[in-house]
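Have the viewer ready and follow along.

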Amino acid sequence: MHVAIIGGASTIGSTVAYTVAGLAPSIDVSLVDIDEEAAWAHATDISHAGYHFANAPDGRSRVGPDGFGEVRSATPEDLPDLDPDLLVFNAAAPQPEDATDRGAREAELERNLAIVDDVAADLRGLDPTPLLVVTNPIDRLTYRFRSLLGWPREKFMGYSLSETARAADAIAEGLGVHRNAVHCPMMGEHGENVVPVFSRVRVDGEPVEVPESDRADVREYVRDVPFEIAKRRGVRETSRWVTSAGVTRVIRSMAAGGNEEPFCLSTPLAGEYGFEDVALGVPVTLDGDGVAEIHEWELSAEEGSQLTEAYEAVRADLERIE
Ligand SMILES: NC(=O)C1=CN([C@@H]2O[C@H](COP(=O)(O)OP(=O)(O)OC[C@H]3O[C@@H](n4cnc5c(N)ncnc54)[C@H](O)[C@@H]3O)[C@@H](O)[C@H]2O)C=CC1
Ligand SMILES: O=C([O-])CC(=O)C(=O)O
């Protein structure tokens, strides 16, 4: 598998490349960036890190049938020749120093639209290729890419899995269990209108009821904690660790031919959950070509009304930029 990370010299993009080099070293990665020097430096440094991953006690057991992959740098003009199996979009305009407050994701829309438009022009020379959008605001930009490129909607995914990890942390604390045993799908917008699907929470695979009194706090924690992290660490350091781990989970799932259990990514809807002309986080199973299936779960009344609020928020911005 070959993954091209557009904005590969970014904090998140370079950390994804490092994580892939450690966990799935047979995958080829191209770091595509307008900053050619930084892309080269990350690719070279991560390749050297790969030497240690490969020679660690279990390093070689992670290598697939195609042997070791490469981490290389490239420019956006190289994209048509790279022939990637998956595009990860992580390019962004520099964040202002005060972009550490809630609402900062949505405020990125105006700054990042021009980059999406430029990159879509670079991508027109490619055959339809699965595209995972990490740059914020992901739901709006996933939909924008689809409008500009016109590829089948199954190719378009927006990364929003970090919320599942954050919700697990908050729920685990209330239940007195380890966070890694908790599963709470998170639908809707990657932002203020995130929808915790409390009706499907499981601990160690068993359904569990999260007390009604804890639910608003869990949602609030999920909305707040990435900004708390950025405030304490600085705006250049958004949640790179959870994001790179989650993006690598998506990449590895696709490399393996799919995820057995659905997880939530943003994807263009055509009537699912009653919505169209929008991209929202919904449960999907993937295959090597993108979204294989959108699952339509029965939601509680509260989950349904929060999903409608997410739709309205994203749709209002799309109408404005269209
Ligand atoms: N979906 C999620 O869960 C998360 C999303 N993000 C988002 O990811 C985005 C990137 O964040 P960082 O990694 O901190 O960015 P960054 O500021 O470190 O890097 C952005 C990169 O984009 C490159 N770039 C700009 N225009 C380009 C173009 N036309 N073609 C190719 N490369 C181009 C720049 O040279 C730079 O290397 C932001 O929008 C951020 O909000 C960050 C964390 C989590
Ligand atoms: O909010 C941010 O800057 C990054 C982000 O989307 C996340 O970590 O979920």
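Predicted model: local features only at pLDDT ≥ 70, side-chain atom pairs only at ≥ 80, totals over all residues.

Residues are numbered from 1 along each chain as its sequence is written, while chains are lettered from A and ligands numbered from 1 in the order in which they are written.

Start at ligand 1. Domain 1 (2-158) and domain 2 (162-321) both contribute to its shell, so the ligand lies between them; the domain bounds come from an automatic or database domain assignment. The shell has 30 residues, of which Gly7, Ser10, Ile12, Ala91 and Asn136 come nearest. A residue counts as near if its C-beta atom, placed from the backbone, lies within 6 Å of the molecule. Helix α4 (104-123) is one of the elements supplying at least two shell residues, and with five residues α4 gives the most. Helices here are DSSP runs (H or I, at least four residues), strands likewise (E, at least two), numbered from the N terminus.

Asn136 also takes part in a cis peptide bond with Pro137, with omega about -5 degrees. Pro137 sits in the loop between β5 (131-133) and α5 (138-149). Most peptide bonds are trans, and most residues other than glycine have a negative phi.

| Residue | Phi | Loop |
|---|---|---|
| Asp83 | about 55 degrees | between α3 (79-82) and β4 (86-89) |
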